[in-house]
Amino acid sequence: MDLTLAIIKPDAVEGRKIGRILAQLEDAGFSIRAAKFVQLDEPQAGAFYAVHSERPFYEPLKRFMTSGPILALALEHEDAVTRLRKVIGATDPAEAEPGTVRAQYAESKERNAIHASDSDETARQELSFFFSSRELMGAA
Ligand code: CMP
């Protein structure tokens, strides 16, 4: 079984969507192996999204991701990265398959409720950004 990282973003935390999103992830077969509420500061959000540092949405993305608490999750499933990306749907909720997390809970491409790692390598990096190896002990 593989692990991947998800983040329930400030819009969904503020909108009290955490319970519904976690239920949907568990119903899709994911096991929650670690979970942590975090309020990122600007340098942390910048480091997490460093791959987007040249993109026009980098500054607004940092502002949004530091605007309130987020819930970081280590999720376990066979083929976890691919599976989670299917369950959350496209970045833009207008393009997300009906029934996906973003189709249901995202407001826009910017305020899109949830993040998921996009490859196994990114998942390893993003899991270690939020969780120590001790906190992931017992997970796959
Ligand atoms: P996420 O999966 O967290 O990864 C990068 C984030 O940048 C993405 O979700 C969106 O919330 C945000 N973003 C804002 N504008 C855009 C855009 N034009 N294209 C892609 N991502 C965007």
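Colleague: How far does a polar side-chain atom of Tyr 49 lie from an oxygen atom of the ligand?
Modeller: The distance is 2.6 Å, within the 3.5 Å limit used for a polar contact between N or O atoms. This is a predicted model, where local features need pLDDT of at least 70, side-chain atom pairs count only at pLDDT 80 or more, and totals for chains, interfaces and linings use all residues. Residues are numbered from 1 along each chain as its sequence is written, and side-chain values use heavy atoms, leaving out hydrogens and water.

Colleague: And how far is Arg 102 from an oxygen atom of the ligand?
Modeller: A polar side-chain atom of Arg 102 lies 3.1 Å from a ligand oxygen atom. For Asn 112, a polar side-chain atom is 3.2 Å from an oxygen atom of the ligand.

Colleague: What share of the ligand does the protein bury?
Modeller: The protein buries 81% of the 450 Å² that the ligand exposes when taken alone; these areas come from the Shrake-Rupley method with a 1.4 Å probe.

Colleague: Different topic. Why is strand 1 largely enclosed?
Modeller: Strand 1, residues 2-8, is largely enclosed by the rest of the structure because 6 of its 7 residues are buried, meaning under 20% relative accessible area (1.4 Å probe, protein chains only). Strands here are DSSP runs of E with at least two residues, numbered from the N terminus.

Colleague: Which strands does strand 1 pair with?
Modeller: Strand 1 pairs antiparallel with strand 3 (residues 70-77) over 7 bridges, and antiparallel with strand 4 (residues 114-116) through 3 bridges. Pairing requires that DSSP finds at least two bridges between the strands.

Colleague: What is the bridge partner of Leu 5 in strand 3?
Modeller: Ala 74. In strand 4, Ala 116 is the bridge partner of Ala 6.

Key. Buried < 20%, exposed > 50% of the residue type's maximum accessible area, 1.4 Å probe, protein only. Helix = DSSP H or I, 4+ residues; strand = E, 2+ residues; numbered from the N terminus. Polar contact = N/O pair within 3.5 Å; in protein donor to acceptor, adjacent residues only side chain to side chain.
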